[in-house]
Amino acid sequence: LFFTWCQQEMEQQQYDPELYTEEEMETVERHISNYFGSYEHVFHELISPDIHVDICIIPPTPSQDYYKLVTLGMGAHQMNVPLELAEKKLERAELMICLPPDWEIQNSDEKWYWPLRWLKILARLPGEQDTWLGWGHTVPNGGPFAENTQLSGIMLLNPGAFPPDASCCVLPNGDEINFYQVIPLYEEEMQFKIEHSADELLK
């Protein structure tokens, strides 16, 4: 176990990931707790080549009987947003997804793990492809996420069951972290959105 820890430390030292400042981290953590719920459990990332992406696990409550998984670290990277949108402060984002109360969060089988995997994939996509993610964007998987579902793509929306202010966290320097909810889609829904629009799909 000690050897494994040392190996991970040596591997991590080879990287220089983009990180929040301490003040930024405290601001984002406070925003998550205030708007999505308190959390004690975090899936900490061991190796972070580009950004350090942890996932906060907010358990079900009587008033919100579902898990909320929220990324923490994606927003340290400024995405390559088109110039015409520069004034809208869309360069930085975090993601969240809601899951049923009986979801086996600790299970590494892909039929349970794919939401966590996709939070990680989406968090890194803007940096890896020099692009950006925002409201209404869809990303296909190319097939079902796992053997027990036909869901095969995602769309990003504002967090739906939360106060409007949950969508935006203002950092001490005035930058904004936009929070988007990951909504899994079926192939037919993906195609409808591509052929029409996110607004039409929501209707």
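Some ground rules. Because the model is predicted, local features need pLDDT of at least 70 and side-chain atom pairs count only at pLDDT 80 or more, while totals for chains, interfaces and linings use all residues. Residues are numbered from 1 along each chain as its sequence is written, and side-chain values use heavy atoms, leaving out hydrogens and water.

I start with the cores. A nonpolar core here is a set of buried Ala, Val, Leu, Ile, Met, Phe, Trp, Tyr and Cys residues joined through side-chain atoms within 4.5 Å. Buried means under 20% relative accessible area, exposed means over 50%, and partly exposed is in between, with a 1.4 Å probe and protein chains only. The largest core has 34 residues, and L69, L95, L122, L133, I154 and V182 touch the most other members. Two or more residues come from each of β2 (54–58), β3 (67–72), β4 (92–99), α3 (110–129), β6 (151–157) and β8 (176–186). These helices (H or I, at least four residues) and strands (E, at least two) are DSSP runs, numbered from the N terminus. Helix α3 gives the most to this core, with eight residues.

There is also a second, separate core of 19 residues, which includes M96, A166, L171 and F179.

Take L69 as an example of contact, meaning heavy atoms within 4.5 Å. Not counting residues up to four places away in sequence, L69 touches several residues, including I55, L95, M96 and L116.

Now K120, in helix α3. Is K120 buried or exposed? At 17% relative accessibility, K120 is buried. A polar atom of its side chain lies 2.5 Å from the backbone oxygen of V53. Leaving aside neighbours within four places in sequence, K120 is in contact with E45, V53 and I55.

Next, the cysteines. How many disulfides are there, taking a disulfide as a pair of cysteine sulfur atoms within 2.5 Å? The count is zero. For C168, the nearest cysteine sulfur is that of C169, 7.2 Å away. C168 is partly exposed, at 27% relative accessible area, whereas C169 is buried, at 2%.

Last, two backbone angles. K89, in the loop between β3 and β4, has a positive phi of about 55 degrees although it is not a glycine. K89 is partly exposed, at 36% relative accessibility. D130, in the loop between α3 and β5 (138–140), has a positive phi of about 50 degrees and is not a glycine either. D130 is exposed, at 54%.

Definitions and conventions:
Disulfide = S-S within 2.5 Å. Polar contact = N/O pair within 3.5 Å; in protein donor to acceptor, adjacent residues only side chain to side chain.
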